[in-house]
Amino acid sequence: MEPSKRSIDKAAQEMISRMAKLGQQNAWDRLDAQLPQCGFGKQGICCRICSMGPCRISKKASAGVCGADVDTIVARNFLRMIAAGVSAHSDHGRTVAEVFLATAKGDAPDYRLKDTTKLHKLAKELGVQTAGRSTQEIAADVGEIARAEFGKPEGTQLMTRRAPKPRQEIWQKLRVTPRAVDREVTESLHRSTMGVDQDFRNVLLQASRAALADGWGGAMLATELQDVLFGTPYPGRGEVNMGVLKTDEVNIIVHGHEPILSEMIAAAAQDKELLAEAAKVGAKGINVAGTCCTANELLMRHGIPIAGNFLNQELVIATGAIELMAVDVQCVMQGLTEVAKCYHTKLVTTADKGRIAGVEHVSIEEKTALKTAKELIRMAIANFKNRGEVDIPKDKEKVVGGFSFESINYMLGGRFRASFRPLNDNIINGRIRGVAGIVGCTNPKVPQDFTHTTLARELIKRDVLVLTTGCATIACGKQGLANPRTALDLAGPGLREVCEAVGIPPVLTCGSCVDNTRLLVSCCEMVREGGLGEDISELPVAGACLESISEKAIAIGQYFVASGLLVVFGEELLPISGSANVSEYLFRGIEKEFGGHWAVESDPVKAAETILAHIESKRDALGINKAKERKLYDMADRRALAVE
Ligand code: BF8
Ligand code: SF4
């Protein structure tokens, strides 16, 4: 297949061609080898939960051996995907909580609590006494409470109290306010095991509860604690795409998700001794770049360049310029091992829970993290001499990263009156029609980055402010959409005016996948600020992921939906089509309960229309599309008043 059909990213196309010429395989080639893929799996109608199976639903067999019908099977599979997605984000969150706690107690000497303002806010929220206590003492209490959220024996997730009251009441009424994260994951697995929960509606209610334990629990805690530990992101410049790799420096890629490792590597790369060692082997410096969500974490906080997103991970190695790739957890393709073997690249796993057969493992531990990071950098320096031919694509784009909830608040309102008021006002007056979150992955079934960026373009053109996370952020960055200079020209007049006044691009880079919780917090603030209804479900806001690969993306989608939002997904990427009842519930029925719902659409232009129609219907319901009749004073009115 033509490289241009595989990716719209020019650098990726170049590397895809190079790999093809050299006879090396990547995810697209392996997808080709898998075709045609199993139609039962696509529709979610195969079950291998017990050994009477595997069973699949067909014209011939309308039930599994146990009698499970198609609705039960599809719903159970959906629930299991969500439980897995929740477990991934939340295990990440737990690791952060552990390092946070160790830092507070002085047991992790290489980490610091960087944002004490946020720590105090969090402490207040969690009921931790701050008066007369040291930062360390406060942090220890916050850390204990946060860690307990994963496994506490009773009570519900504390972060759910951030949600608007009517939203909390909906969850209470439906009895889906999430309890401990571990409990929700465990119960999901239990309920979806053979012979337990066999009412698809009940199964799907648990899917909502488990997903909420992610969005308003594990993932939200991951973001909050990471901000305190590593600093809350504020806008800063960065660069994205393979052109960030250097021909004359030692290139190190950090890949995966937990900033626990990458933060240390980023810090160690500035060590004078190591820089001198690099110079000794003829390298002009040590260049750290990221792929996937770890990359987003580093860009957000330090402006460290991003080499690519999910589908770029193998391609960056094919540049021949990577001395070392350190990976931790999630979205790390085993295929990396074969590509790395074709080059001098040293692939190293660092998380004990994420090893790869045949790959060197250097375990990172909180007590000795910096030392380990330095060791890894030394391995990279020693490997510099083994470089062969190098072929680095030139492509890179400038981006502005670092849009946390706090920084958006600050940008909108200013230091002394940080506030979402200007955003709400501009939504009410119609300059901005609404807000859309474009999130998630890149999938070889879809031309890489195509849907994310087309959707983003379509939306900003129609005055919808776009917030991005995960690999979608990187996709938008690569196409110049996170650069105010290039992207503002693509925005509609209203959005452009607001963005120019505030000094932000029309596509905001909000971080990694766990940082989708920043979008939830922003929604809460929009409600709290007033004028846009009493609940998240009333907001002219939607989410989309048309290139999803991951169970995590499904968990995110479900917690957005259960929080009251519309979520549009790539059609073949939501494996529920085998059950008309499950589809009907998730596309429509769920809206009556939660106010949010799923939709599927693979064409990004049509997806933009779906989102826009949703936004306009919310605006109609709020009465703000009648702003002309009940007009608020605009600048022209104020000027007229002043003249009188
Ligand atoms: O958590 S966006 S491919 S890297 S799953 Fe993975 Fe998807 Fe990328 Fe980050 Ni999120
Ligand atoms: Fe088949 Fe039922 Fe066992 Fe699933 S649980 S594999 S449908 S017998």
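In the predicted model, the nickel atom of ligand 1 has a single donor from the protein, the SG atom of Cys513, at 2.2 Å; donors are N, O and S atoms within 2.8 Å of the metal (3.2 Å for Na, K and Ca), and water is not among the atoms, so sites may look incomplete. Ideal angles at a metal are 109.5 degrees for four tetrahedral donors. Cys513 is placed in the loop between β13 (507–509) and α23 (516–529); helices (H or I, at least four residues) and strands (E, at least two) are DSSP runs, numbered from the N terminus.

The model is predicted, and local features need pLDDT of at least 70, side-chain atom pairs count only at pLDDT 80 or more, and totals for chains, interfaces and linings use all residues. Residues are numbered from 1 along each chain as its sequence is written, chains are lettered from A and ligands numbered from 1 in the order in which they are written, and side-chain values use heavy atoms, with hydrogens and water left out.

Ligand 1 is surrounded by 13 residues, of which His257, Cys293, Cys331, Cys471 and Cys513 are the closest; a residue is counted if one of its heavy atoms lies within 4 Å. Two or more residues of this shell are given by each of the elements α13 (292–302) and α20 (470–478). By class, the shell around ligand 1 holds eight nonpolar, four polar and one charged residues, where Ala, Val, Leu, Ile, Met, Phe, Trp, Tyr, Cys and Pro count as nonpolar, Asp, Glu, Lys and Arg as charged, and the others, Gly among them, as polar. A polar side-chain atom of His257 lies 2.7 Å from an oxygen atom of ligand 1, and a polar side-chain atom of Lys552 lies 2.9 Å from an oxygen atom of ligand 1.

The shell around ligand 2 consists of Cys47, Ile49, Cys50, Met52, Gly53, Cys55, Gly64, Val65, Cys66, Ile73, Arg76 and Met194. These residues divide into nine nonpolar, two polar and one charged. Pro54 is located in the loop between β1 (46–47) and β2 (55–56). The peptide bond from Leu35 to Pro36 is likewise cis, with omega near -5°, and Pro36 falls in the loop between α3 (27–34) and α4 (39–43).

Seven aromatic pairs were found in a search of the whole structure. Rings of Phe, Tyr and Trp (its six-membered ring) pair if their centres lie within 6.5 Å; planes under 30 degrees apart count as stacked, over 60 as edge-to-face and the rest as tilted. The ring centres of Tyr234 and Tyr410 are 6.1 Å apart with planes at 75°, so this pair is edge-to-face. Because Tyr234 lies in the loop between α10 (200–230) and β3 (236–240) and Tyr410 in helix α17 (residues 405–413), the pair ties together parts that are 176 residues apart in sequence. Tyr234 is partly exposed at 40% relative accessibility, as is Tyr410 at 31%; buried means under 20% relative accessible area, exposed over 50%, and partly exposed in between (1.4 Å probe, protein chains only). For Phe405 and Phe420, the ring centres are 5.4 Å apart and the planes at 35°, so the pair is tilted. Phe405 in helix α17 and Phe420 in the loop between α17 and α18 (421–428) are 15 residues apart, and both Phe405 and Phe420 are buried. One aromatic cluster is formed by Phe78, Phe569 and Trp598.

Two residues other than glycine with positive phi were also examined. Asn241 has a phi of about 115° and is placed in the loop between β3 and β4 (250–255); at 3% relative accessibility, Asn241 counts as buried. Asp463 has a phi near 65°, lies in the loop between α19 (450–461) and β12 (464–468), and counts as buried at 13% relative accessibility.

Definitions and conventions:
Polar contact = N/O pair within 3.5 Å; in protein donor to acceptor, adjacent residues only side chain to side chain.
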